[in-house]
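I opened this notebook to record what I looked up in the structure. The entries follow in the order in which I made them.

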Amino acid sequence: MIEEKIEPKLGDPIPDEWLKKAEVEIKSKTRTITLDEFHGQKNVEIAINHPTTKDDTSSVNLYSKVYNRLLRDPEMLTRAEMKKLLEQKGLWGEEQEKIIDNIREEMRAVELQVVTLRAKNKNPNKATVNRLKKQWYELQNKIRDMVVERENYYSNTVEGRAEEEQLKSKLSLCVKYPDGNRVWSSLDILDEETERHNVVTIMNAAMLFWMGLTQEIISDLPAKLIFGGETESENLQDN
């Protein structure tokens, strides 16, 4: 008899298997991802390694070098200067941050509705749950769009550009093929990479790994706990 896999609901304990997976990945020195296609090859495995002390030192030194150089550039703004400019032009400030906070409150209100539904009925109306799920994801996407807009402004600052070069340095040093060869043997080669979508995929996985977070913890877990394991693309149609 096959044991039924039960997904947790909001308020339930996080399943042991999720915690074990997170612990293994956090303790591991390497995270392996598979790209559907990369440089003309199918199902390409990419190994993301934790930076060594030497790697960290190299990337920090590059940050300092880029920061000091850009700080002398009269056309470049620091993050503090950019913040002031954005506020003066009305492009970004307390008003936009308040909008993000309000959207988060709306998301919590939707979550409360789901909790209330499940408290009253273990099998709530599927159409109602799907409607709330769609609403929750729409709100989540609004926040993501606003955060992207904000970070686009700040990425073009002294600190933002220095941080970008530091990250690229770590990617060049720590992203390898299973045989140990680096995917990008230098920053110049990484800069010349034409498959930008794969660079973004690798970068996102690397940043989560280096922060000690699994993909489930950072994105899938909230939706699973709220809606019982279904993802954004699954079962959003009212039945």
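**Strands**

I first looked up the pairing of strand E1 (residues 30–38) with strand E2 (residues 41–49), which is antiparallel and runs over 8 bridges. Strands here are DSSP runs (E) of at least two residues and helices (H or I) of at least four, numbered from the N terminus; two strands pair if DSSP finds at least two bridges between them. I noted that the model is predicted, that local features need pLDDT of at least 70 and side-chain atom pairs pLDDT 80 or more, and that totals for chains, interfaces and linings use all residues. Residues are numbered from 1 along each chain as its sequence is written, and side-chain values use heavy atoms, leaving out hydrogens and water.

Within this pair, I found Ala 47 of E2 as the bridge partner of Thr 32. The hairpin of E1 and E2 has 2 residues between the strands, and His 39 takes a positive phi near 55 degrees there.

I then followed E2 to strand E3 (residues 175–176), an antiparallel pairing over 2 bridges. Ile 48 stands opposite Val 175 in E3.

**Helix H2**

Which residues of H2 are buried? I listed Asp 55, Ser 59, Leu 62, Val 66 and Leu 70 as buried, that is, under 20% relative accessible area, with exposed over 50% and partly exposed in between (1.4 Å probe, protein chains only). Seen down the axis of H2, these buried residues fall within an arc of 55 degrees, so they line one face of the helix; the arc is that of the directions from the helix axis to the C-beta atoms. On the face turned away from the buried side, I recorded the exposed residues Thr 53, Lys 54 and Lys 65.
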